[in-house]
Amino acid sequence: MNKEKSMLYNEMLDLDNQLCYLNEREKLGLTKIALYSLTNERMVKLFVGRKEIFYELKNIYKSIVERLSDNKSLHIYSYEATSLLIAAEDNITAEEFEAISADVLENLNSISLNDIQLSYCCAVVINKNEPLHKAEKALKYGIENKLRYVEYTRMKQSIPNASEELNILQTIRDAIAENLVVPYFQGIYDNKKKQFGLYESLMRIQDKNGRIYYPNQFLPVAKEYNLYEELSIVMVKKVLEMFSDKDVCVSVNLNVRDIYNREMIKTIFSALDKAERPSNFVFELVETEEVTDYDYIRQFSERVREKGAKIAIDDFGSGYSSLMHIIRIDADFIKIDGEIIRTICRDKRCREFVGIINFWCQSQKKSLIAEFAENAEIQEILEQMGVAYSQGYYFSKPEPWAV
(Lines give C-alpha, C1' and ligand atoms only; values in the text may rest on other atoms or scores of the structure.)
Protein backbone atom coordinates (compact mmCIF):
# COMPACT_ATOMS: atom_id res chain seq x y z
CA MET A 1 0.00 0.00 0.00
CA ASN A 2 1.46 3.36 -1.02
CA LYS A 3 1.82 6.18 1.49
CA GLU A 4 -1.04 8.29 0.12
CA LYS A 5 -3.51 5.40 0.24
CA SER A 6 -2.41 4.35 3.71
CA MET A 7 -3.37 7.81 4.99
CA LEU A 8 -6.96 7.16 3.88
CA TYR A 9 -7.24 3.67 5.32
CA ASN A 10 -7.65 2.13 8.78
CA GLU A 11 -5.72 -1.12 8.49
CA MET A 12 -6.77 -2.35 11.95
CA LEU A 13 -10.47 -2.23 11.00
CA ASP A 14 -10.01 -2.89 7.27
CA LEU A 15 -12.01 0.23 6.36
CA ASP A 16 -11.39 3.55 4.66
CA ASN A 17 -11.06 6.20 7.36
CA GLN A 18 -12.68 9.57 8.06
CA LEU A 19 -10.01 11.39 6.04
CA CYS A 20 -11.12 9.32 3.06
CA TYR A 21 -14.70 10.39 3.80
CA LEU A 22 -13.65 14.05 3.74
CA ASN A 23 -11.92 13.51 0.39
CA GLU A 24 -14.97 11.77 -1.11
CA ARG A 25 -17.74 13.88 0.42
CA GLU A 26 -18.02 16.44 -2.37
CA LYS A 27 -17.28 14.03 -5.21
CA LEU A 28 -19.93 11.50 -4.12
CA GLY A 29 -22.43 14.06 -2.85
CA LEU A 30 -22.55 12.66 0.68
CA THR A 31 -25.21 14.84 2.30
CA LYS A 32 -25.99 12.67 5.32
CA ILE A 33 -23.76 11.24 8.02
CA ALA A 34 -24.08 8.98 11.05
CA LEU A 35 -21.26 8.65 13.59
CA TYR A 36 -21.10 5.72 15.99
CA SER A 37 -18.92 5.89 19.09
CA LEU A 38 -18.16 2.91 21.33
CA THR A 39 -18.87 4.58 24.66
CA ASN A 40 -17.66 1.73 26.86
CA GLU A 41 -14.50 1.15 24.84
CA ARG A 42 -12.22 1.19 27.88
CA MET A 43 -14.26 -1.45 29.67
CA VAL A 44 -14.41 -3.63 26.55
CA LYS A 45 -10.63 -3.36 26.18
CA LEU A 46 -10.24 -4.40 29.81
CA PHE A 47 -12.17 -7.64 29.30
CA VAL A 48 -11.39 -8.39 25.65
CA GLY A 49 -7.85 -7.04 25.32
CA ARG A 50 -6.40 -4.00 23.59
CA LYS A 51 -5.21 -5.92 20.54
CA GLU A 52 -8.06 -8.40 20.39
CA ILE A 53 -10.71 -5.68 20.27
CA PHE A 54 -9.62 -4.60 16.79
CA TYR A 55 -9.98 -8.14 15.47
CA GLU A 56 -13.47 -8.38 16.96
CA LEU A 57 -14.59 -4.96 15.74
CA LYS A 58 -13.21 -5.63 12.26
CA ASN A 59 -15.48 -8.65 11.99
CA ILE A 60 -18.46 -6.75 13.39
CA TYR A 61 -18.02 -3.86 10.96
CA LYS A 62 -17.45 -6.27 8.10
CA SER A 63 -20.85 -7.81 8.82
CA ILE A 64 -22.42 -4.33 8.72
CA VAL A 65 -20.74 -3.56 5.41
CA GLU A 66 -22.10 -6.83 4.01
CA ARG A 67 -25.54 -6.12 5.44
CA LEU A 68 -25.71 -2.76 3.69
CA SER A 69 -23.87 -3.77 0.52
CA ASP A 70 -26.99 -3.82 -1.66
CA ASN A 71 -27.44 -0.09 -1.19
CA LYS A 72 -24.76 1.49 -3.37
CA SER A 73 -25.63 4.96 -2.08
CA LEU A 74 -24.25 4.15 1.37
CA HIS A 75 -20.54 4.49 2.15
CA ILE A 76 -18.93 3.14 5.30
CA TYR A 77 -15.73 4.39 6.93
CA SER A 78 -13.91 4.01 10.22
CA TYR A 79 -14.17 6.89 12.66
CA GLU A 80 -11.21 7.63 14.95
CA ALA A 81 -9.57 4.42 16.23
CA THR A 82 -12.44 2.03 16.88
CA SER A 83 -15.70 3.57 15.75
CA LEU A 84 -17.82 3.84 12.63
CA LEU A 85 -19.00 6.46 10.14
CA ILE A 86 -21.81 5.88 7.63
CA ALA A 87 -22.47 8.45 4.90
CA ALA A 88 -25.26 8.57 2.31
CA GLU A 89 -25.74 10.17 -1.06
CA ASP A 90 -28.53 12.65 -1.73
CA ASN A 91 -30.87 10.08 -3.33
CA ILE A 92 -31.52 8.48 0.06
CA THR A 93 -34.25 10.37 1.93
CA ALA A 94 -33.76 11.66 5.44
CA GLU A 95 -36.35 9.19 6.74
CA GLU A 96 -34.64 6.26 5.05
CA PHE A 97 -31.23 7.26 6.37
CA GLU A 98 -32.50 7.68 9.93
CA ALA A 99 -34.12 4.26 9.76
CA ILE A 100 -30.88 2.70 8.50
CA SER A 101 -28.83 4.52 11.15
CA ALA A 102 -31.15 3.43 13.96
CA ASP A 103 -31.13 -0.17 12.71
CA VAL A 104 -27.31 -0.26 12.66
CA LEU A 105 -27.25 1.22 16.17
CA GLU A 106 -29.66 -1.44 17.45
CA ASN A 107 -27.53 -4.14 15.86
CA LEU A 108 -24.30 -2.81 17.39
CA ASN A 109 -25.83 -2.52 20.84
CA SER A 110 -27.09 -6.11 20.70
CA ILE A 111 -23.55 -7.53 20.47
CA SER A 112 -21.56 -8.88 23.41
CA LEU A 113 -17.83 -9.60 23.51
CA ASN A 114 -16.68 -11.87 26.34
CA ASP A 115 -20.07 -11.29 28.00
CA ILE A 116 -19.60 -7.49 27.85
CA GLN A 117 -22.44 -5.73 26.05
CA LEU A 118 -21.22 -3.17 23.51
CA SER A 119 -22.59 0.32 24.12
CA TYR A 120 -22.70 2.72 21.17
CA CYS A 121 -23.97 6.28 20.79
CA CYS A 122 -25.06 7.44 17.34
CA ALA A 123 -25.22 11.03 16.05
CA VAL A 124 -26.94 11.84 12.75
CA VAL A 125 -26.60 15.01 10.66
CA ILE A 126 -28.59 15.58 7.47
CA ASN A 127 -27.99 18.22 4.77
CA LYS A 128 -25.88 20.60 6.88
CA ASN A 129 -22.67 22.50 6.27
CA GLU A 130 -19.66 20.96 8.01
CA PRO A 131 -21.59 17.75 8.79
CA LEU A 132 -18.66 15.97 10.44
CA HIS A 133 -18.03 18.85 12.81
CA LYS A 134 -21.74 19.03 13.70
CA ALA A 135 -21.96 15.26 14.12
CA GLU A 136 -18.99 15.30 16.49
CA LYS A 137 -20.70 17.99 18.57
CA ALA A 138 -23.94 16.01 18.63
CA LEU A 139 -22.05 12.82 19.51
CA LYS A 140 -20.32 14.56 22.41
CA TYR A 141 -23.67 15.86 23.62
CA GLY A 142 -25.19 12.39 23.39
CA ILE A 143 -22.35 10.76 25.34
CA GLU A 144 -22.39 13.42 28.06
CA ASN A 145 -26.16 13.11 28.45
CA LYS A 146 -26.22 9.31 28.12
CA LEU A 147 -28.36 9.34 24.97
CA ARG A 148 -28.10 6.45 22.54
CA TYR A 149 -29.34 8.33 19.46
CA VAL A 150 -29.05 12.05 18.66
CA GLU A 151 -30.29 13.80 15.52
CA TYR A 152 -28.55 17.16 15.24
CA THR A 153 -31.48 19.40 14.24
CA ARG A 154 -33.69 18.09 17.04
CA MET A 155 -31.22 19.03 19.73
CA LYS A 156 -29.23 21.86 18.17
CA GLN A 157 -30.59 24.26 20.78
CA SER A 158 -28.64 22.26 23.33
CA ILE A 159 -25.37 22.88 21.49
CA PRO A 160 -24.23 26.47 21.99
CA ASN A 161 -23.80 28.59 18.90
CA ALA A 162 -21.29 31.43 18.90
CA SER A 163 -23.65 33.81 20.68
CA GLU A 164 -24.65 31.23 23.30
CA GLU A 165 -21.01 30.30 23.83
CA LEU A 166 -20.15 33.93 24.57
CA ASN A 167 -23.05 34.06 27.02
CA ILE A 168 -21.83 30.93 28.82
CA LEU A 169 -18.28 32.29 28.83
CA GLN A 170 -19.50 35.48 30.52
CA THR A 171 -21.53 33.42 32.99
CA ILE A 172 -18.40 31.45 33.89
CA ARG A 173 -16.42 34.64 34.44
CA ASP A 174 -19.23 36.02 36.61
CA ALA A 175 -19.35 32.77 38.59
CA ILE A 176 -15.64 33.09 39.34
CA ALA A 177 -15.69 36.81 40.10
CA GLU A 178 -18.94 36.90 42.09
CA ASN A 179 -18.90 33.48 43.78
CA LEU A 180 -21.82 32.14 41.75
CA VAL A 181 -20.61 28.54 41.81
CA VAL A 182 -23.40 26.41 43.32
CA PRO A 183 -22.43 23.04 44.83
CA TYR A 184 -24.99 20.26 44.45
CA PHE A 185 -24.74 17.08 46.51
CA GLN A 186 -25.57 13.44 45.83
CA GLY A 187 -25.95 11.08 48.75
CA ILE A 188 -23.81 7.93 48.89
CA TYR A 189 -25.64 5.16 50.71
CA ASP A 190 -23.94 3.13 53.45
CA ASN A 191 -25.19 -0.40 52.79
CA LYS A 192 -24.31 -1.60 56.29
CA LYS A 193 -25.75 1.27 58.31
CA LYS A 194 -28.70 1.72 55.89
CA GLN A 195 -28.28 5.49 55.68
CA PHE A 196 -26.36 8.10 53.73
CA GLY A 197 -22.77 7.98 54.92
CA LEU A 198 -21.17 10.40 52.48
CA TYR A 199 -22.17 13.12 50.01
CA GLU A 200 -20.39 13.87 46.74
CA SER A 201 -20.24 17.54 45.84
CA LEU A 202 -20.91 18.35 42.18
CA MET A 203 -20.35 21.68 40.47
CA ARG A 204 -23.09 23.87 39.03
CA ILE A 205 -22.96 27.58 38.21
CA GLN A 206 -25.68 30.21 38.00
CA ASP A 207 -26.04 33.46 36.12
CA LYS A 208 -27.11 36.79 37.60
CA ASN A 209 -30.76 35.91 36.96
CA GLY A 210 -30.49 32.73 39.01
CA ARG A 211 -30.51 30.28 36.09
CA ILE A 212 -28.57 27.11 36.89
CA TYR A 213 -26.08 25.73 34.35
CA TYR A 214 -25.02 22.07 34.39
CA PRO A 215 -21.52 20.69 33.66
CA ASN A 216 -22.32 19.61 30.09
CA GLN A 217 -23.29 23.24 29.38
CA PHE A 218 -20.31 25.06 30.86
CA LEU A 219 -17.35 22.70 31.37
CA PRO A 220 -16.40 22.39 27.66
CA VAL A 221 -16.37 26.19 27.39
CA ALA A 222 -14.48 26.58 30.68
CA LYS A 223 -11.80 24.15 29.53
CA GLU A 224 -11.56 25.69 26.06
CA TYR A 225 -10.93 29.15 27.55
CA ASN A 226 -8.64 27.90 30.36
CA LEU A 227 -11.06 28.85 33.14
CA TYR A 228 -11.64 25.39 34.56
CA GLU A 229 -8.93 25.65 37.22
CA GLU A 230 -10.33 28.92 38.56
CA LEU A 231 -13.85 27.47 38.67
CA SER A 232 -12.57 24.40 40.46
CA ILE A 233 -10.82 26.49 43.14
CA VAL A 234 -14.02 28.46 43.82
CA MET A 235 -15.98 25.20 44.06
CA VAL A 236 -13.55 23.44 46.42
CA LYS A 237 -13.16 26.51 48.64
CA LYS A 238 -16.94 26.86 48.91
CA VAL A 239 -17.54 23.21 49.84
CA LEU A 240 -14.73 23.16 52.40
CA GLU A 241 -16.08 26.33 54.02
CA MET A 242 -19.67 24.99 54.03
CA PHE A 243 -18.71 21.86 55.96
CA SER A 244 -15.79 23.03 58.09
CA ASP A 245 -17.92 22.88 61.27
CA LYS A 246 -20.48 20.22 60.25
CA ASP A 247 -20.38 16.57 61.22
CA VAL A 248 -21.11 15.43 57.66
CA CYS A 249 -18.78 13.46 55.38
CA VAL A 250 -18.44 15.14 52.00
CA SER A 251 -16.22 14.50 48.98
CA VAL A 252 -14.79 17.04 46.56
CA ASN A 253 -13.52 16.16 43.09
CA LEU A 254 -9.98 16.97 42.00
CA ASN A 255 -8.37 16.21 38.67
CA VAL A 256 -4.64 15.99 38.07
CA ARG A 257 -4.36 19.64 37.02
CA ASP A 258 -5.98 20.71 40.30
CA ILE A 259 -3.38 18.85 42.33
CA TYR A 260 -0.56 20.65 40.50
CA ASN A 261 -2.19 24.04 41.03
CA ARG A 262 -0.47 25.90 43.88
CA GLU A 263 -3.50 27.98 44.76
CA MET A 264 -5.65 24.85 44.96
CA ILE A 265 -3.13 23.13 47.25
CA LYS A 266 -3.02 26.21 49.47
CA THR A 267 -6.84 26.31 49.58
CA ILE A 268 -7.10 22.63 50.56
CA PHE A 269 -4.53 22.55 53.33
CA SER A 270 -5.52 25.92 54.76
CA ALA A 271 -9.11 24.65 55.04
CA LEU A 272 -8.02 21.36 56.61
CA ASP A 273 -5.98 23.23 59.22
CA LYS A 274 -9.09 25.20 60.21
CA ALA A 275 -11.66 22.37 59.97
CA GLU A 276 -13.15 21.03 63.20
CA ARG A 277 -13.45 17.54 61.67
CA PRO A 278 -10.94 17.14 58.79
CA SER A 279 -11.70 13.39 58.77
CA ASN A 280 -15.10 14.24 57.25
CA PHE A 281 -13.47 15.44 54.02
CA VAL A 282 -12.72 13.07 51.14
CA PHE A 283 -10.72 14.22 48.10
CA GLU A 284 -11.78 12.22 45.06
CA LEU A 285 -9.22 11.94 42.27
CA VAL A 286 -11.01 12.04 38.90
CA GLU A 287 -9.72 11.77 35.31
CA THR A 288 -6.94 9.57 36.69
CA GLU A 289 -6.03 8.36 33.19
CA GLU A 290 -3.87 11.52 33.08
CA VAL A 291 -1.73 10.44 36.04
CA THR A 292 1.94 10.03 35.12
CA ASP A 293 3.81 11.24 38.21
CA TYR A 294 2.76 8.77 40.90
CA ASP A 295 5.34 10.06 43.37
CA TYR A 296 3.73 13.50 43.40
CA ILE A 297 0.19 12.11 43.69
CA ARG A 298 1.29 9.79 46.48
CA GLN A 299 2.94 12.68 48.35
CA PHE A 300 -0.28 14.70 48.01
CA SER A 301 -2.34 11.76 49.29
CA GLU A 302 -0.02 11.19 52.25
CA ARG A 303 -0.13 14.87 53.17
CA VAL A 304 -3.94 14.84 53.01
CA ARG A 305 -4.02 11.88 55.38
CA GLU A 306 -1.61 13.54 57.76
CA LYS A 307 -4.17 16.32 58.06
CA GLY A 308 -6.83 13.73 58.89
CA ALA A 309 -8.73 13.71 55.57
CA LYS A 310 -9.24 10.82 53.14
CA ILE A 311 -8.61 9.97 49.48
CA ALA A 312 -10.89 8.31 46.91
CA ILE A 313 -10.14 7.10 43.38
CA ASP A 314 -12.88 7.55 40.79
CA ASP A 315 -13.89 5.24 37.92
CA PHE A 316 -11.80 2.23 38.83
CA GLY A 317 -12.12 -0.41 36.12
CA SER A 318 -12.39 2.05 33.23
CA GLY A 319 -8.89 1.29 31.93
CA TYR A 320 -5.71 -0.68 32.51
CA SER A 321 -3.91 2.20 34.18
CA SER A 322 -6.51 2.29 36.95
CA LEU A 323 -5.06 -0.99 38.23
CA MET A 324 -1.87 0.92 38.92
CA HIS A 325 -3.77 3.72 40.64
CA ILE A 326 -5.13 1.54 43.44
CA ILE A 327 -1.73 -0.08 43.92
CA ARG A 328 0.36 3.10 43.88
CA ILE A 329 -2.16 5.50 45.46
CA ASP A 330 -3.21 4.29 48.88
CA ALA A 331 -6.83 5.45 48.67
CA ASP A 332 -9.44 4.99 51.39
CA PHE A 333 -12.34 4.71 48.93
CA ILE A 334 -12.41 3.04 45.51
CA LYS A 335 -15.23 4.03 43.15
CA ILE A 336 -15.89 1.35 40.60
CA ASP A 337 -16.79 2.46 37.07
CA GLY A 338 -20.54 2.93 36.72
CA GLU A 339 -20.66 1.20 33.33
CA ILE A 340 -19.57 -2.00 35.06
CA ILE A 341 -22.20 -1.64 37.80
CA ARG A 342 -24.86 -0.93 35.21
CA THR A 343 -24.33 -4.34 33.63
CA ILE A 344 -23.92 -6.60 36.69
CA CYS A 345 -27.52 -7.83 36.43
CA ARG A 346 -26.98 -9.38 33.01
CA ASP A 347 -23.21 -9.89 32.72
CA LYS A 348 -21.72 -12.63 34.88
CA ARG A 349 -18.15 -11.47 34.31
CA CYS A 350 -18.96 -7.97 35.53
CA ARG A 351 -20.40 -9.45 38.72
CA GLU A 352 -17.30 -11.58 39.16
CA PHE A 353 -15.05 -8.56 38.56
CA VAL A 354 -16.91 -6.48 41.16
CA GLY A 355 -16.72 -9.40 43.57
CA ILE A 356 -12.95 -9.69 43.15
CA ILE A 357 -12.38 -5.95 43.65
CA ASN A 358 -14.72 -5.89 46.63
CA PHE A 359 -12.84 -8.80 48.25
CA TRP A 360 -9.54 -7.00 47.68
CA CYS A 361 -10.92 -3.76 49.16
CA GLN A 362 -12.16 -5.57 52.25
CA SER A 363 -8.82 -7.31 52.73
CA GLN A 364 -7.03 -3.94 52.46
CA LYS A 365 -9.54 -2.16 54.75
CA LYS A 366 -10.75 0.07 51.94
CA SER A 367 -14.34 0.89 51.05
CA LEU A 368 -15.81 0.17 47.62
CA ILE A 369 -18.36 2.64 46.23
CA ALA A 370 -20.58 1.39 43.39
CA GLU A 371 -21.73 4.17 41.07
CA PHE A 372 -24.85 3.97 38.88
CA ALA A 373 -26.91 2.07 41.45
CA GLU A 374 -30.02 2.87 39.45
CA ASN A 375 -32.61 0.32 40.53
CA ALA A 376 -33.58 -2.23 43.16
CA GLU A 377 -32.20 -5.16 41.14
CA ILE A 378 -28.69 -3.66 41.02
CA GLN A 379 -28.85 -2.67 44.69
CA GLU A 380 -29.87 -6.17 45.76
CA ILE A 381 -26.81 -7.66 44.02
CA LEU A 382 -24.52 -5.05 45.59
CA GLU A 383 -25.87 -5.83 49.06
CA GLN A 384 -25.48 -9.57 48.50
CA MET A 385 -21.86 -8.98 47.53
CA GLY A 386 -21.23 -6.88 50.63
CA VAL A 387 -20.27 -3.73 48.71
CA ALA A 388 -19.83 -0.95 51.27
CA TYR A 389 -21.52 1.97 49.50
CA SER A 390 -23.98 2.58 46.65
CA GLN A 391 -24.39 5.79 44.70
CA GLY A 392 -27.05 6.44 42.10
CA TYR A 393 -30.53 7.69 41.26
CA TYR A 394 -32.11 4.76 43.11
CA PHE A 395 -31.18 6.62 46.32
CA SER A 396 -30.82 10.27 45.39
CA LYS A 397 -30.27 12.80 42.65
CA PRO A 398 -27.84 15.72 42.97
CA GLU A 399 -29.50 18.71 44.63
CA PRO A 400 -28.51 21.80 46.63
CA TRP A 401 -27.69 21.27 50.29
CA ALA A 402 -30.73 21.79 52.51
CA VAL A 403 -29.79 24.37 55.13
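Arg277 is partly exposed in the predicted model, at 31% relative accessibility; this class lies between buried (under 20% relative accessible area) and exposed (over 50%), as computed with a 1.4 Å probe on protein chains only. The side chains of Arg277 and Glu276 form a salt bridge with an N to O distance of 3.9 Å, the term denoting a side-chain nitrogen of Lys or Arg within 4 Å of a carboxyl oxygen of Asp or Glu.

The structure contains 17 salt bridges. Among them, Glu284 and Lys335 are paired through their side chains at 3.2 Å, N to O. This pair joins distant parts of the chain, with Glu284 in strand β14 (residues 281–285) and Lys335 in strand β16 (residues 333–336), 51 residues apart. Strands (E, at least two residues) and helices (H or I, at least four) are DSSP runs numbered from the N terminus. Both Glu284 and Lys335 are buried.

Asp103 is partly exposed, with a relative accessible area of 32%, and Arg67 is partly exposed at 43%.

Residues are numbered from 1 along each chain as its sequence is written, and side-chain values use heavy atoms, without hydrogens or water. In this predicted model, local features require pLDDT of at least 70 and side-chain atom pairs count only at pLDDT 80 or more, whereas totals for chains, interfaces and linings use all residues.
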